[in-house]
Amino acid sequence: MTVIAKTATKISGAVMVIGGGVAGVQTALDLTELGYKVYLIEKSGAIGGVMARLDKTFPTNDCSLCILAPKLVEAGRDPNIEILTLAELVDLQGEPGNFTATIKKQPRYIDEEICTGCGQCTLFCLKQIGNDFNENMEINHAAHIDYSQAVPTSYYIDAKACLKLNHDSCGLCAVACQAGAIRFDDTEKELEISVGAVILAPGFGRVSDEVMAKYGLGKFQDVITAFEHERLMCASGPTGGEILRISDRKHPKKIAFLQCIGSRDETCGNNYCSSVCCMYAIKQATLAREHDPDCEITLFYMDVRTHGKGFDAARKRAVEEGKFRVIYARPPRVEDVFGGGLLLTWATEDGKHHYEKFDMVVLSQGLEAPDEADKLAQAAGIDLNEYLFAETDTYTPLATSRPGVYVIGPFRGRKDIPDSVTQGGGAAALCAGQLAPARSSETVKAVFPEERDISQEEPRIGVFVCHCGINIGGVVNVPEVAEYAKTLPNVAYASANMYSCSQDAQRVLTETIQEHKLNRLVVAACTPRTHEPLFQATLREAGLNRSLFEMANIRDQCSWVHIHEPERATQKAKDAVRMAVAKACHLTALEEMQLPVTPSALVIGGGLAGMTAALTIADQGFDVALIERGTQLGGKALLLTADRRDNDPRQAVQAVIDRVNGHPHITVHTEAQVTACSGYVGNFTTTVESKDASELIHHGVTILATGGNPYQPTQYSYGSSPKIVTQLELEQRFIDHQGSLKIAKRTVMIQCVGSRDEDLTYCSRVCCGQALKNALRLKALQQEMQIIVLYRDMRAYGFMEDDYRKARQLGVIFTRYSLERKPEVSVDSDAVKVRYFDPLLGEDLETEADLLALSTGIVPEDPSVLAKMLKVPVTAEKFFLEAHVKLQPVDLPVDGTYVCGLAHSPRSMDETVAQAQAAAGRACHPLAKGSVTPAPIVSQIDAEQCIGCGACESFCPYKAINISKDDNGKRKARTITASCKGCGVCAARCPTMAIDMGRFTLNGIMAQIHAFGEEEKEVVEA
Amino acid sequence: MSDYQPKILGFLCNWCCYTAADSAGVGRYQYPPSLRVVRMMCTGRLDPSFPLEGLVNGADAVFVGGCHPGECHYIDGNYHALVSAALVHEALERIGISKDRFLIDWASAAEGPNFVKIITRFTERVAELGPLGQAEGIEREKLRQRLIEAAEVAKNRKIRTNLISASKEMVKNGDFSRPAIAGLVAAKCDKNLTQMLGGRPV
């Protein structure tokens, strides 16, 4: 017996992530935070995926790469993430906890470890290829890097194009490469890797050119795809950020966006909705407007599906401010007309035909299952659905058909960035639960020597000036700068070196620091944004505090931008070094606080979201207190009587309730409410009051899952006839009064009751799907029943489009109404009459309904009391506001607090479960770590100078400063180090300048300013 | 004077403008070597005294670069920077220095070319003005003395308290446009500034 147990329970502490897009990178980072080693397998030459190619992201239109790049760098330098590029999974054997994955890795022909990313190989490469990153709208070279911020920051050679590899000629790159990184003898490798779980995040494929050829793609130069348009908009794109027609390089004056290209289209086999195109078209139109205020922009929609959080508001604003023309029509083709221009013809809902010429047509290309999805599914041993996406279940949305293999991102069905990131967090949490016994078993922790106390020493600064091959040395006179550095005050050592960042240089740096007893380090090289952590780690290895480091940027901001002015560039480099040295004199060792974490969580709300979050945390071995205001767990999911696959959600929810009640790590508090909360991440104290007791709970993290309620309608004569019900009441009738439904001859459904500009300004996301589901259920009960759905936009996103099609096939009538001409309901004794405008007939119709179902929206539970208590923000619509819409979709701005479920935004059950798992995963980061270490760039307050005015407290965006009374009863500001992010607004606004920032001190900055002027003075004096 | 190269001191936020400057380098976009950079985590750290100290210490002009409005990495630091900037402009005007010598502008991390455009244009404008004092027709040392006074004023508790109320009102009104913020700062600081530096030129 014991022998079996020993061999059978060997669980691996490593996870394999297939796909290095934003979902894969996020899940990898989350996994290492949770204590697991990650193998990140990427098919292309660099991680980043599609998000790296986007110019902006909706709905906030902030720069895509800027918010992604830090994550890529973080993944690149995480010692517990091994990135394998040009690699794919070919086989997966074994059991959950103990898989063997076989990876095929293509050669890069350039050694990643040695390549410095200088780009000389590309400059010398003779073979031109299309630049795939820029949608082949410009030229790249066989030796190349996909994009300048790519991770790994290493070039690679396209084996198909390379002259040396194919014809044994050229080979110039090997001559040009000063680092000697070119390896023409590199070969394909097959690797076997042991992992405990696998997460599939291969992204999405695109609708084929063949489908788009119908719309003139390939035939007319000025018909372009949305992906091409995205690159045209981007400053780093082929036109430097100008939207130009390919045909004549002129700015288009009339642009048409065509939606649903290859989506909702049975002819190409993609009956589903791609979910993201409506919103990205709005974004692209908005940016096209910014590029050209006079351009005429027209968007052709079938339905406007902007159902995400804040999307409707963003769309409305964009359409109004951008003066877009929105037409509900689907032009069937693009034609060329004599004299130039692209002709579109279309029919509107009133049956009229129209035609018009445009300068440019942008096709909103739909998303498909990733290329070779079937191959991947076979390798991983999972099932696919009919559209070749991974098959998943409503209640375990991130699990595939094979235990231990999870799926996230668009491969589960197309989705946007926040949902992908959310799922990344969720899958990481599930792996952590599954592999809990092996946590931290395969991760490494860097061990550093003890720090030397330098507080009593005079500054002895070492300056290292980097040639960076010829990147700096080719322009700036590096030896001269190094000589100059030696003349600066407090500089004990200065030298020039070839590559300061090489492995070899780190050893030299460490030795030099020790040999010359240096106590501060200045490196004049590239940029601190990418390389500071590396040199800081080196500093630590030499026994110095990380904060004793300063960098002078003499490459990205000097040699590269002043290529033709070597003398002035050298002068600028000297100035930069002088300023860095001046600042370095004022650097002090900053303590990196390790604050302990109470290893337990508080989850507020016992609905599906709260219970799922609690279970996901408890499965990882942490204690959870689950607070429910009502008498029982389950929440609003219990009001649903069927899901779209005709399973009963109440059974699934009951199973979850049973697991929660039986879980050894979960304590359930029903009829309980939170009445007070204090503390910060890792160390919260919450007062929970129940019927007859008040209890203090200490916990490290907090999850808000306070849920929502059905909107209570007052319109459409609701309440005046038993024939008028909400969709939720209809759900109940399927159980209680099926007979009454069977005899109804005509059912009318009205969508958006209370939602989208009525009482609720937002789209409640789930009502369209619910109406379709209930319409199909009614049809199943009684096929002859006439069903009329009055809608504004049928938001049957994703695979729900199947339901929409099925309903139409079964004869359900869908009629669009506008806000100006809403349906009217009258109740005349027993009869319920609905009057509505039929756009096709152009007249009002009146019909008697035996059943009128109102599709009402979702109202969040009032968050104001909790929001105030926890100091977290809420939106105008009373949903909790996440820290970052795209990249931290379940984190709240206050560290250690998270949100999921309807308290975040309206969402379906599978979306809720995934989001709750994500919130739980994020919440477990500090719990798994056991401590939190805030960056030591935090604010420090001089209590003597502080007058307790409270300005800092009121302006701090993170509630990281408190005013409290000191021992003498005087009001004094105090920094909550764990919460401070180091922005410095408090310092700038302090009336007495009593606040200073770690590393960016007043004295340090003033020293830089003085040093800036010193050269000038010398010249004047001379 | 054709060879005259202005000296510009720049305060760039780590997340946007500093990154934009880096990406300009990666793209090899060229611009005049006039700028020297102080990196800060956020333009919200900009003490109103910093730009004035820069001018005292030999800068012909000062540039502050942050994230686009609404895109601040720290939520709203760049709005607070606009408050500090408004004071700097007020002070410059009152001591007779061209307001064009101080610029606060935005470039997102991806906008290398935009950063280059901003710096190139600013350098051209400052070159037109000439060394500090030239366009103003004030003797350099005298100007320096006035700037030292202005920098002290920016550290003055009364003025800083005025800035606090301007910032509070900005947040309350939710109007983060430059004119609105400049108006608030002017209104709140006018009395004290007039006392310390003299009134606005008419």
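A: Let's say that two residues are in contact if their C-beta atoms, placed from the backbone, lie within 7 Å. Leaving aside neighbours within four places in sequence, A:Tyr272 is then in contact with A:Ser263, A:Tyr387, A:Gly798, A:Phe799, A:Glu801 and A:Asp802. Bear in mind that this is a predicted model, where local features need pLDDT of at least 70 and side-chain atom pairs count only at pLDDT 80 or more, while totals for chains, interfaces and linings use all residues. Residues are numbered from 1 along each chain as its sequence is written, and chains are lettered from A and ligands numbered from 1 in the order in which they are written.

A:Tyr272 sits in the loop between strand E16 (254-261) and H9 of chain A; helices (H or I, at least four residues) and strands (E, at least two) are DSSP runs numbered from the N terminus. It counts as buried, with 27 C-beta neighbours inside 10 Å (20 or more other C-beta atoms within 10 Å is buried, 12 or fewer is exposed, in between is partly exposed, with C-beta atoms placed from the backbone). A:Arg414 lies 142 residues away along the chain, yet its C-alpha atom is 9.4 Å from that of A:Tyr272.

Go on to H9 itself. The axes of helix H8 (226-233) and helix H9 (277-291) of chain A come within 11 Å and cross at roughly 35 degrees; axes here are lines fitted to C-alpha atoms, for helices over the stretch in contact, and angles run from 0 to 180 degrees between N-to-C directions. A:Ala226, A:His229, A:Glu230 and A:Met233 are what H8(A) brings, and they meet A:Tyr280, A:Ala281, A:Gln284, A:Leu287 and A:His291 of H9(A). That set splits into 5 nonpolar, 3 polar and 1 charged (Ala, Val, Leu, Ile, Met, Phe, Trp, Tyr, Cys and Pro are nonpolar, Asp, Glu, Lys and Arg charged, the others, Gly among them, polar).

There's another helix pair to look at: the axes of H2 (22-33) and H12 (417-434) of chain A come within 8 Å, crossing at roughly 35 degrees. H2(A) puts in A:Val22, A:Ala23, A:Gln26, A:Thr27, A:Asp30 and A:Leu31, while the H12(A) side includes A:Gly424, A:Gly425, A:Ala427, A:Ala428 and A:Cys431. The tally for this contact is 8 nonpolar, 6 polar and 1 charged.

A:Ala347, for one, has A:His353 of E21(A) as its bridge partner.

Most residues other than glycine have a negative phi, and most peptide bonds are trans. A:Val151 and A:Pro152 are joined by a cis peptide bond, omega about 0 degrees, and A:Pro152 sits in the loop between E10 (143-144) and E11 (156-157) of chain A. A:Glu372, though not a glycine, has a positive phi of about 60 degrees. Its place is in the loop between E23 (367-368) and H11 (373-380) of chain A, where it is partly exposed, with 15 other C-beta atoms within 10 Å. A:Ser717 isn't a glycine either, and has a positive phi of about 60 degrees. Look for A:Ser717 in the loop between E37 (708-710) and E38 (724-726) of chain A; it is partly exposed, with 19 other C-beta atoms within 10 Å.

Then there's the other chain: the contact takes 54 residues from chain A and 52 from chain B. H28(A) gives the largest share of chain A's side, 9 residues. That side divides into 26 nonpolar, 16 polar and 12 charged residues.

How far to trust it? Mean pLDDT for chain A is 92, with 98% of its residues at 70 or more (pLDDT is the predictor's confidence in each residue, from 0 to 100). Residues 1-8 of chain A stay under 50, with 0 contacts beyond four places in sequence. Residues 1016-1022 of chain A also stay under 50, with 3 such contacts. Where pLDDT is low, the predicted coordinates should not be read in detail.

Definitions and conventions: Two strands pair if DSSP finds at least two bridges between them.
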